[in-house]
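I am opening a new set of entries on this structure, and I want to note how the chain is put together before turning to the ligands. Each entry records what I looked up and what came back.

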Amino acid sequence: MSRPLIFTLRTLQVLAAGLALVALAACGERPPIVTKQLGYRGTGMEQNVNPRLEAVKLAANQAPATPDEASPDGPKASEVYQNVKVLGDLSVAQFSRHMAAITQWVSPQEGCNYCHNGENFADDSKYTKVVARRMIQMTQHINQDWQKHVAATGVTCYTCHRGNPVPQNVWYKPADRKYTENSVMGDLAGQNIGAKSVGLSSLPNDPFTPYLLGNQDIRVNGNEALRMTGAARNTHSTKQAEHTYGLMVHMSTALGANCTTCHNTRNWQEWTNAPPQRVTAWYGIRMARDLNNEYIVPLTDTFPANRKGPHGDVAKVYCATCHQGVQKPLYGAAMAKGFPELLTLAKPASALPAPLVDAMKTVMYFDIGSPLLQGPQAAGMAQVIATLQATPGAKVTISGYHSAAGALDQNQELAKQRAFAVRDALTTAGIAADRVVLEKPLSAEANLAGEDPAARRAEVTVTTAKPK
Ligand code: HEC
Ligand code: HEC
Ligand code: HEC
Ligand code: HEC
């Protein structure tokens, strides 16, 4: 039979033990914890690791095997394919190897058609292909220009994507949170939410917008202790301090590293006694900011709405995007060196030929996708203008050409714009508009590869009235 519940010392003991267990479970980490010394003895610079969880992380962060090298011989991709703008210098075999690799890294379930229209591989109508082309350039830029961070280890698409079209660790600006509508308590500033982005702490949940998109000061301390006035006074606000700590918590969790991996906690600010990892991290902050501003944000309009966050922004890069809980992504596996095409920025598409200039006919060339008459090409206009000025009865016919690659309606529009560019150059030079005849846009001869600059041209032919 049940006895009435009486609080004895015994029940209190049981309750306390239970509470302790609940508290431990809430930490999410069952022992054992092992402590590794990182710094000089007595400085308290240590890393706590849990060998059981380390083993799980190790298994989850292995680089895939590198496929065999492909032959560099044979025709180049730019000669064989129609719409290759970045990897044109690869041989066809190398190009195919690259396509197979990015499929494994980014869309292994969906296959080639995640980026391609299976009917026409040259077609750019899927946004994923347009994004992927820019991602290739971004990866090249990281490996070439950010070696102060990624060293010779470098990155591939797999470093971030791990077989997912959208990397698992990305950030958006979080939705605004208010206490209540019109609350006198104002804006929550993203605080006291216990957001995962800041390790479930009460810190502001978006320390990324100020530092990994903007370039605000990541500072808490002033340059001198207790200095309230003068040049060395501390102008950093409490809010800045909170954002700084929020970012630091993200950096620690992203790398699975204690604060002491980068700081001698005797003095957070000081660099001279800090481990070298802090310098690498300093470059990492600048790199993430650069990637977001130069590569990811400019793709905003390319992404469909369902890929955007509550503020309409695209998913962006932070430390966790590459690191995924590990101090060196993929435990430092140097997988990039197996893909030399990702190590340096591809040279810009081959230069345009000089314009063909003749008294009665001029041919000028345009960059891929561009309707602008630029640089030396614009100089081709001088002869046409001179002929027209010297021969008052003469007229000109302008034909704009486009390449056979890509969507026909877009191409025709482009050819039209090219013809307009020539016409505008003529009228600007004072040639009467009724002397200029525009022809319908023309597709370049079918045997021209999409990359052949001859496919992107405008022809201007001078016609004189027949003598009576
Ligand atoms: C993650 C996106 C992505 C996946 C997946 C992908 N490709 Fe591509 N593919 C591209 C991009 C981007 C280009 C253009 C490269 C450039 O401009 O240098 C391209 C170009 C091509 C071209 C050249 C077409 C032309 O005429 O211009 C071929 C052929 C091709 N890919 C084949 C494949 C095959 C086969 C697969 C599957 C094994 C595949 N691709 C998977 C992104 C992808
Ligand atoms: C530094 C990390 C990083 C690297 C390296 C990287 N990506 Fe991405 N990628 C991203 C981020 C962030 C997004 C935006 C996520 C989204 O789609 O909203 C993205 C999006 C994409 C998308 C669009 C997917 C979709 O469904 O919206 C494609 C395709 C893609 N990347 C291909 C590539 C390819 C190919 C490479 C290697 C040449 C590559 N990425 C390298 C971070 C990276
Ligand atoms: C991966 C390396 C790394 C880790 C881990 C790290 N920090 Fe930092 N910390 C930095 C870098 C780099 C800066 C300087 C950033 C800058 O100036 O752009 C910095 C700056 C700071 C500052 C500002 C100091 C000043 O000048 O006012 C404080 C405070 C700080 N960190 C605290 C922490 C705390 C607390 C943790 C653990 C939760 C931590 N950090 C974890 C690298 C790290
Ligand atoms: C584009 C991918 C990428 C991003 C984004 C990235 N890292 Fe790294 N990081 C790497 C690679 C690759 C290495 C390994 C370099 C090497 O082998 O020395 C590395 C190394 C480091 C190291 C040195 C570790 C050691 O023990 O020597 C630190 C510290 C670090 N990253 C911090 C950060 C921080 C902090 C951020 C975010 C502000 C960040 N990283 C963002 C790719 C990245």
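Entry 1, the chain as a whole. I began with contacts, and residues 24 or more positions apart account for 64% of those in the protein chain with a separation of 6 or more, two residues being in contact if their C-beta atoms, placed from the backbone, lie within 7 Å. This is a predicted model, in which local features need pLDDT of at least 70 and side-chain atom pairs count only at pLDDT 80 or more, whereas totals for chains, interfaces and linings use all residues. Residues are numbered from 1 along each chain as its sequence is written, while chains are lettered from A and ligands numbered from 1 in the order in which they are written. I found 14 helices and eight strands in the protein chain, both taken as DSSP runs numbered from the N terminus (helices H or I, at least four residues; strands E, at least two). Of the 468 residues, 27% are buried; a residue is buried if 20 or more other C-beta atoms lie within 10 Å of its own, exposed if 12 or fewer, and partly exposed in between.

I looked up the nonpolar cores, each a set of buried Ala, Val, Leu, Ile, Met, Phe, Trp, Tyr and Cys residues joined through C-beta atoms within 7 Å. The largest has 38 residues, and Met 251, Ala 288, Tyr 318 and Cys 319 have the most contacts inside it. Two or more of its residues come from each of α4, α5, α7, α8 (208–213), α9 (238–255), α10 and α11. A second, separate core of 20 residues includes Tyr 365, Leu 373, Leu 388 and Tyr 401. Going back to Cys 319, and leaving out residues up to four places away in sequence, I noted that it touches His 250, Met 251, Ala 254, Leu 255, Gly 284 and Ala 288.

I counted as near any residue whose C-beta atom, placed from the backbone, lies within 6 Å. On that basis 28 residues surround ligand 2, with Met 135, Cys 157, Cys 160, Pro 165 and Ala 315 the closest. Which element gives the largest share of this shell? It is α5, with six residues. By class the shell divides into 21 nonpolar, five polar and two charged residues, where Ala, Val, Leu, Ile, Met, Phe, Trp, Tyr, Cys and Pro count as nonpolar, Asp, Glu, Lys and Arg as charged, and the others, Gly among them, as polar.

Pro 75 lies in the loop between α2 (51–60) and α3 (77–80). Why is Pro 75 classed as exposed? It is exposed because 10 other C-beta atoms lie within 10 Å.
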